[in-house]
Amino acid sequence: MARILVVDDAKFMRLTLTNILVKADHEVVSEAENGLEAVEKYKEYRPDLVTMDITMPEMNGIDAVKLIKEFDPKARIIMCSAMGQQKMVVDAISAGAKDYIVKPFDESRIVETINRVLN
């Protein structure tokens, strides 16, 4: 079981991911709706893993990954991207993200990706 921070500007996406994660026996310690909030919540909760949306208001996911990795070089972050955001995914991986999952979410792919990144 991992302690996970779910970051997405869409409440529906956060809810969907949270349901999948809880069903897979993980604990969602907090949620954030933009990159700025994600960095603050990361520092506060020190989760085992972060699921991070790319396109968000105030601060995008790529900038948030950079700041989180600066704060904690061992942070494990999985990017969540919509179809067609390949260049942004590459940028996110370069910034330190460990992997990515594509929206709309496929439950088995999410669980598989999280287990791989945690192990």
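The model is predicted, so local features need pLDDT of at least 70, side-chain atom pairs count only at pLDDT 80 or more, and totals for chains, interfaces and linings use all residues. Residues are numbered from 1 along each chain as its sequence is written, and side-chain values use heavy atoms, leaving out hydrogens and water.

**Overall build**
- The protein has 5 helices and 5 strands, which are DSSP runs numbered from the N terminus (helices: H or I, at least four residues; strands: E, at least two).
- Along the sequence, these elements follow the pattern β-α-β-α-β-α-β-α-β-α.
- The C-alpha trace spans about 30 × 30 × 25 Å along its principal axes.
- Of the 119 residues, 48% count as buried (under 20% relative accessible area, with a 1.4 Å probe and protein chains only).

**Helices α1 and α5**
- The axes of α1 (residues 11–23) and α5 (residues 107–118) come within 10 Å and cross at roughly 65°; axes are lines fitted to C-alpha atoms over the stretch in contact, with angles running from 0 to 180 degrees between N-to-C directions.
- Leu17, Ile20, Leu21 and Lys23 in α1 meet Glu107, Ile110, Val111 and Ile114 in α5, where contact means heavy atoms within 4.5 Å.

**Residue Ala2**
- Ala2 is found in the segment before β1 (3–7).
- Ala2 counts as buried because its relative accessibility is 3%.
- Not counting residues up to four places away in sequence, Ala2 touches His26, Glu27, Asp48 and Leu118.

Technical notes
Buried < 20%, exposed > 50% of the residue type's maximum accessible area, 1.4 Å probe, protein only.
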